[in-house]
Amino acid sequence: MIAPIDFNDRMLSLGLARVSEAAAHAAAALIGRGDAAAANRAAVEAMREQLNMLDIDGTVVIGEGGRDEAPMLYLGEKVGNGKGPAVDIALDALQGARLTARDMPNAMTVIAMAPAGTLLQAPDTGMEKLAIGPGYAPDLIGLEMSPEERVLTLAEARGVRVRDITCCVLDRPQNAGLIGALRETGAAVRLMADGDLAGVIDCAEPALTGIDVYMGSGRAPETVLAAAALKCMGGQVWARFVPDAGLAEPGRIYRRDDLASSDVIFAATGVTSGSILRGVRRAPHFIETETILMRSKTGSLRRMIYRNPVRPA
């Protein structure tokens with residue numbers, strides 16, 4: 001891990017929250033409208049507009065796809081006004097576009113910022129991941145363990161029965177075997193319908209969410225965002241790419257600080273209500289959002305309610 005770099009994170013953190021909030025406002029107009037692509041596009045456009053107001057020399061390292069795949073917020077895109085520190089930007093302008101379109105829980109806008117060169121630029125491929133919250137010994141569990149061994153080890157560390165452990169898994173065909181193995185142990189399994197970032201963050205606050213551990217395969221870019229969040233909240237992440245084809249270090253296991261190697265700030269705003277955040281609330285004269293804003297340097301976590309007046313057309 002490289003030494004932490006001062007990138008003016010305290011001053012930039014509220015600006016990052018505004019970026020996340022703007023994307024949530026834009027996506028909220030399309031909740032339940034059945035058009036996931038339109039919801040994602042609205043969030044991307046709003047996020048990009050706000051990012052370009054910040055005093056940063058930013059580069060998107062986790063974004064909406066490559067230059068030829070995404071019209072904006074593509075990998076390598078420059079954002080900000082160029083007058084501030086050089087930073088990496090990792091984002092999911094709308095984590096859960098399909099959830100938004102269907103008015104289902106846990107859709108949110110997500111963004112992280114760190115000094116340039118310190119967030120892993122993960123290819124958009126699969127990644128097996130494992131995450132737990134704070135308070136455990138380093139490397140208490142790992143990807144080398146079977147699912148059964150992980151659950152037993154966690155139960156022993158917590159001084160509880162296996163049946164008192166709840167595991168979060170993304171509900172996808174590639175995780176069917178894992179889900180079956182976990183249920184065989186007697187542990188509970190909570191399935192995520194879409195977007196596994198919420199599940200990873202859930203395990204950092206088990207008293208609030210009831211989630212003890214996250215396991216399973218999902219998208220690699222979301223793993224970098226999850227590592228940024230857990231760097232702020234405490235907790236551990238282990239991940240490896242699947243498949244290994246074309247990678248320089250096949251089989252390598254990445255830990256949290258390999259994915260986010262310096263200090264980071266992280267913001268997420270609820271679009272639809274879920275386990276972490278309340279969704280956008282509309283009233284006749286205002287629109288209200290809830291945002292979590294975190295800084296790894298201080299370990300601080302703020303929950304902010306932002307009420308914006310709606311002016312008559």
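How do the residues of the lining of the largest pocket divide into nonpolar, polar and charged? There are 11 nonpolar, 8 polar and 12 charged. Here Ala, Val, Leu, Ile, Met, Phe, Trp, Tyr, Cys and Pro count as nonpolar, Asp, Glu, Lys and Arg as charged, and the others, Gly among them, as polar.

This is a predicted model: local features need pLDDT of at least 70, side-chain atom pairs count only at pLDDT 80 or more, and totals for chains, interfaces and linings use all residues. Residues are numbered from 1 along each chain as its sequence is written, and side-chain values use heavy atoms, with hydrogens and water left out.

Start with the pocket (on a 1 Å grid over the protein atoms alone, an open set of points where a 1.4 Å probe fits, with protein on both sides within 12 Å along at least five of seven lines; lining residues have an atom within 4 Å of a point). Of its 31 lining residues, N40, E64, D92, L94 and R219 are the closest to its centre.

Now turn to the nonpolar core (buried Ala, Val, Leu, Ile, Met, Phe, Trp, Tyr and Cys residues joined through side-chain atoms within 4.5 Å). Buried means under 20% relative accessible area, with a 1.4 Å probe and protein chains only. The largest core has 45 residues, and M108, L197 and F266 touch the most other members. Another core, of 40 residues, lies apart from it and includes L30, A39, I89 and A267.

Conventions:
Buried means under 20% relative accessible area, exposed over 50%, partly exposed in between (1.4 Å probe, protein chains only).
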